[in-house]
Amino acid sequence: MKKSLILAAALAAMTLSLGAADQSAAPKSLTFGLVAKSQSNPVFQAARRGAEAAAVDLGKKYGIAIKIDWRTPNDENAQQQADNIEQLVLAGANGIAVSCSDANKVTDSINRAVKNGVPVVTFDSDAPLSNRFATYGTADYECGVQIMDELGKEMGGKGVVAILAGNQNAPNLQTRAKAVREEAAKKFPDIKILDTYYHKETAADAAAKVEQVMEANPQITGWAMIGGWPLFTKNALKWAPGTVKCVAVDALRPQLSYVEDGHVNLLLAQQCYMWGYESVTLLVDKIVNHKSPDKVFVPSPLIPVTKDTLADYKKKLDVWMPE
């Protein structure tokens, strides 16, 4: 009996000691690098706000000071992204979230970061051959299918479609464009895909590309925009509302006016704010709770936005991105 009591006391002391050690081992502060594609694209500014909000929320929850180190090129530059990842590792970042402009150019930097003990998550645009532990964002093939299905319905199953596709090297955009083409071939025999048009991912370049293509090809009756780049600027779509059908991805405030005036039939809203919020959540879970998601890909559903759903969507937007 005496020996049992002594053993129980020893085990209790050991448990308390381990608990104290675990508590003392918990980080007091964390710095996460956020490497988006470009500062000039508003969707990534939304992701930045989401990351900063997650840093506040999770910092309070775990009693940790969380800092977001924003290291994003002004305009798309995959080599600069790779360099920024290297610099974040040297600066002592505890984790990194990156949206890859060109997976081939950033994979080695991601792998070196992981080898040096810095966990990496990708968002929006993945580097599938890298050692990132998770990727959060749109299911890109399904997104392309949804774009074409909705556009095909709006066009009554016939006409000529152009695809606006952004950066030719971005794997997420390549996948979406491929899905649009394949879905059109499978379901809409009377719709012709004219071509896939690439451009720098800025509002001005995208708007100029749409205008140039329309002037050269007045037979176009539909646009499948796998990103809504031109809709961040005013008067980007020169056709009379309703004469050309358009379905586009993204639905931030400047883009909503195109739904209101009838130039765009449907926006498929990526939850850009959540790209940042969930990336930080994944990194905190990995470092603090030693947990990874059950599957590497963590999907972010698209939200359809039409004239009928615009008011409800604006309420969501007010929560995610207060004016």
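This is a short tour of the structure, stop by stop, for use in a viewer.

**Whole chain**

Start with everything shown. The model is predicted. Its chain has 323 residues, and 51% of them are buried. Along the principal axes, the C-alpha atoms fill a box of roughly 90 × 40 × 40 Å. Switch to cartoon: the chain carries ten helices and twelve strands.

**The open sheet**

Select β1, β2, β3, β4, β5 and β11. These six strands form an open sheet. Read across it in the order β2-β1-β3-β4-β5-β11; the pairing is parallel. Strands of a sheet pair through backbone hydrogen bonds, in either a parallel or an antiparallel way.

Which strands stand at the edges? Colour 65-70 and 297-299 to see them: they are β2 and β11. Each has a single partner strand, so one side of each is left without a neighbour in the sheet.

Zoom in on residues 95-98 and 120-123. These are β3 and β4, which run parallel and are joined by three bridges.

**The largest pocket**

Rolling a probe the size of a water molecule over the atoms shows where empty space is left. The largest pocket holds about 220 Å³ of space. Which elements give two or more residues to its lining? They are β5 (134-137), α5 (140-154) and α6 (171-187).

Colour the lining by class: five residues are nonpolar, six are polar and four are charged.

**The cysteines**

Finish with the sulfur atoms. How many disulfides does the structure hold? The count is zero. Pick C100: the nearest cysteine sulfur belongs to C272 and is 16 Å away. C100 is also buried, with a relative accessible area of 0%.

Move on to C246. The cut-off for a disulfide is a pair of sulfur atoms within 2.5 Å. C246 is buried, with a relative accessible area of 0%.

Key
Residues numbered from 1 in each chain as written. Predicted model: local features only at pLDDT ≥ 70, side-chain atom pairs only at ≥ 80, totals over all residues. Heavy atoms only, no water. Buried < 20%, exposed > 50% of the residue type's maximum accessible area, 1.4 Å probe, protein only. 1 Å grid on protein atoms, 1.4 Å probe; cavity = no way out; pocket = protein on both sides within 12 Å on 5 of 7 lines; lining within 4 Å. Points joined across faces, edges and corners; volume = space filled by probe spheres on them. Helix = DSSP H or I, 4+ residues; strand = E, 2+ residues; numbered from the N terminus. Nonpolar A, V, L, I, M, F, W, Y, C, P; charged D, E, K, R; others polar. Pairing = 2+ DSSP bridges.
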